[in-house]
Amino acid sequence: MSKLLEGARSRLEALAAQPGERTFDNTMHVLDAMTEPLDYAMGVVRHLESVATYPELRAAFNAAQPEVSAFYTGIPLHAESWKGIKTFAATSEAAGLNGARRRFLHKTMDTFRRHGADLDPAGKARLEAIDVELTQITTKFGENVLDATNQFELLVTNESRLAGLPPTAVVSARESAQRKGKEGWRFTLQAPDYFAVMTYLDDPGIRRQLYDAFSVRATTGEYDNRKILPRIIELRREKARLLGFADFADLVLEDRMAHTGARALSFLADLKEKTVRRFREENLELLEFRRSVEGPAAPELEPWDVAYYAEKQRAALYDFDEEALRPYFRLEKVTEGLFDLVNRLYGIRVTEEPGTPVWDPAVRYYNMRDEEGVYIGGFYADWYPRENKRGGAWMDSLITGGPAAGTFRPHLGLICGNLTPPAGGKPALLTHREVETIFHEFGHLLHHMLSRVEIRSMAGTNVAWDFVELPSQIMENWCWERQALDLFARHWETGEPIPEDLFQKMKRARTFRAANTQMRQLGFGFVDLLVHVKYDPARDGDPVAYARGILQEFSPAPLPEAHAMLAAFTHLFSSPVGYGAGYYSYKWAEVLDADAFTRFREGGIFSRDVGQAFRANILSKGDSEDPAELYRAFMGREPDPRALLIRSGLA
Ligand SMILES: [Zn+2]
């Protein structure tokens, strides 16, 4: 690691000391390539820490991180390099730049300024100290959530208390207990366990136990994030003010599509206004449903009741059981169908390469080739939960390739998830939501693998955060199209496609409680922006309680006093910036993806023409042009939120 840092340092010095006239090649290109070996090494270690962690690796990673992070932060503060870039910017070559090179120069200068290039020495020193501390405490924040999650288990020894739970979940809880050498059925706070219990388990006592444990994660003992949170928020605000911004949101959003916190807040407020009436109706309907079943004296819904009764209401209204779809979604078939789909749209071919070394026996490795056989790159897929792996689903880029010196350098990437694993002698049978997750992460992977951007730091998914979810979320649309489903949704035993009536029920049920789903996302978006824009520790006290106050408005049931979702909100707080002040981007991107998919629907969902247009204007372009312009180039107009409201049954 110190060797790689040394290499990057000497390239930085060489950039600063560059003799003779400044050119794009001896200044901007050197800057773009400067940290590549270091980025690669840190990327690999960070990745292994995410999927195959052990105490020594975590310790080594944490030990290296502050120095590496200090180096990155120091680049824009390197006065001689900044002078060199400004000197280049004043040349006639710079004035004549166009396209990606011109954008790279301008974005670099904005980025340097946003990172303190124009601050005085005292300001620079303070900024560096803030960033180092933020890196350490946000890393700790994420570890606390993982450790607090793993610390919890609920053992049920009386089988009758499992009533309502689908057989898949019962078998998997049984096997989970056996793996730990314990009797009975074991439930953790990992997503498949948690959501199965909250949705199906009849016993409200168990649902409540799991809900309470989940909603207070990382708030006690050695994993208490409430001690860390105010400091993260305070440091982010101090940093923004130091750099001349009103708050952290304005700092973060300057180079995104939304540009300011105020614009992002008004975007959310507009959607909230269009959603809230239906949200209230849905919640009344759910209470009425409960009372129609249990009698007029049945109590109001508690938070651990909502998903459970909603599932019953859905079953009654639509006669549709999500679990009935599981046999049709065998993981291997789903990925085969996905590869078939992208072959039709983009002409690319994906083939598995057995025998490639991997970090866990469950991991698969694939190669991707163009229609002409040109090698695009490789990727790993790691789909099942493990104790040494973090939660959630994600894509990561290990090598960012692209056009270089007249040739093409292949990409390397990976996709990870925590999906239902094989159990009880059956293959991995997924929920529809899990199928969407695979498509989603594969969309990010395409954005990475199909990138044709010459400038590394503007390639692939290195785009504005409120644009980066367009390629991923648009993929989910195919999971709702009959023709697309028929490529892969086959009963694992009989090979039958999804019966038409089941498919129609699934479609009808899609908008069920859509206002609740939307309000939940809007709530997280508001919490994120308000914590970073309006929250004042002196006036508002505990940020966890402050967030609970906001979330209450977006919650279908009263949140318990101890509810501490913010303490486990790793999206916002497990890295120095992360999704901080950017959670709204999910909804922003949904507006884009729903709108953009209308072009596929009109041109045909397997249309190679529309596919190639999407690839040419979006997937291959990275950040080489303003995302708003890329979007206009594909659609021929500005984004329109109407398609999202229609898709959600709200318009
Ligand atoms: Zn995503």
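A nonpolar core is a set of buried Ala, Val, Leu, Ile, Met, Phe, Trp, Tyr and Cys residues joined through side-chain atoms within 4.5 Å; buried means under 20% relative accessible area, with a 1.4 Å probe and protein chains only.

**Entry 1. The model.** I note that this is a predicted model, in which local features need pLDDT of at least 70, side-chain atom pairs count only at pLDDT 80 or more, and totals for chains, interfaces and linings use all residues. Residues are numbered from 1 along each chain as its sequence is written, and side-chain values use heavy atoms, leaving out hydrogens and water.

**Entry 2. The cores.** I looked up the largest nonpolar core, which has 169 residues; Phe 442 and Trp 478 touch the most other members. Helix 21 (residues 514-533) contributes the most to this core, namely 9 residues. Helices here are DSSP runs of H or I of at least four residues, and strands are runs of E of at least two, numbered from the N terminus. I also found a second, separate core of 28 residues, with Leu 12 and Phe 24 among them.

**Entry 3. Thr 420.** I located Thr 420 in the loop between strand 9 (411-416) and helix 17 (432-449). Is Thr 420 buried or exposed? Thr 420 is buried, because its relative accessible area is 10%. I then listed its polar contacts (pairs of N or O atoms within 3.5 Å; within protein, one must be able to donate a hydrogen and the other to accept it, and residues adjacent in sequence count only if both atoms are side-chain atoms). The Thr 420 side chain makes one with the side chain of Arg 326 at 3.1 Å, and another with that of Glu 434 at 2.9 Å.

Terms used:
Buried means under 20% relative accessible area, exposed over 50%, partly exposed in between (1.4 Å probe, protein chains only).
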